[in-house]
Amino acid sequence: MWFQKKPLFNLPLKILLVTNSIILLAGAMFGPIYALFVEDIGGDLMDASFAGGIFALAAGITTLVSGKYSDRVKENELIVVAGYMIMGLGFLLLSICTSVWFLLLIQILIGLGEAVYSPAFDAVYSKHLDKNHAGKQWGAWESINYFSLAVGAVVGGVIVTLTNFNVLFILMAMMSFASGIYIYLLPRKVL
């Protein structure tokens with residue numbers, strides 16, 4: 001009928017936006033205080049910079065492979081789940097990290113996790129876009145990214161100030177695992 005307006009965001013897009021915002025929030029909670037953690041495990045500013053570079057290099061290389069592979073897979077949702085779980089494992093490993101070398105390995109793992117899920121996430125998200133509102137729908141994802149960064153930057157600092165880094169890392173891991181498990185348990189017809 002003429003008075004029934006189609007919602008801008010269908011259920012699959014809403015689920016993808018919420019679960020991905022949780023992952024983005026988890027990562028953002030650590031970003032601004034990352035150098036402080038590196039210092040706590042005996043590193044310095046250059047070690048923090050090098051670890052960030054290792055993360056980006058691992059993610060960049062793996063994204064090329066992951067993107068190619070995701071085109072061949074029938075259920076990209078499961079690749080998203082795998083990426084979320086790998087990132088969760090990396091976040092959890094941060095809680096037992098005591099050296100810069102171990103941190104570098106963890107950064108590679110987290111970079112791999114992000115690279116695994118990103119192309120598959122984009123493929124699933126694109127599949128559910130409304131062609132007449134694709135700009136708005138991608139804009140929503142972009143804004144959620146920035147909102148997650150803003151909130152995460154503050155929340156991470158508050159958590160570590162009130163508790164310690166380990167509480168933050170366990171929370172980050174739980175957020176990642178929860179997003180992955182939720183998507184995994186959804187009926188396949190939903191996404």
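Let's start with Glu77 and Lys127, which form a salt bridge with the closest N and O atoms 3.2 Å apart. By salt bridge I mean a side-chain nitrogen of Lys or Arg within 4 Å of a carboxyl oxygen of Asp or Glu. This pair links distant parts of the chain: Glu77 sits in helix 4, Lys127 in helix 5 (residues 100-127), 50 residues apart. Helices here are DSSP runs of H or I, at least four residues, numbered from the N terminus.

A word on the source. This is a predicted model: local features need pLDDT of at least 70, and side-chain atom pairs count only at pLDDT 80 or more, while totals for chains, interfaces and linings use all residues. Residues are numbered from 1 along each chain as its sequence is written, and side-chain values use heavy atoms, with hydrogens and water left out.

Back to the pair. Is Glu77 buried or exposed? Glu77 is buried, at 6% relative accessible area. Lys127 is exposed, at 51%. The cut-offs: buried is under 20%, exposed over 50%, partly exposed in between, with a 1.4 Å probe and protein chains only.

How many salt bridges does the structure hold? Two. The other joins the side chains of Glu75 and Arg188, at 2.7 Å, N to O. Glu75 lies in the loop between helix 3 (45-70) and helix 4 (76-94), and Arg188 in the segment after helix 7 (165-185), 113 residues apart. Glu75 is partly exposed, at 28%. Arg188 is partly exposed too, at 32%.

Notes:
Helices (H or I, at least four residues) and strands (E, at least two) are DSSP runs, numbered from the N terminus.
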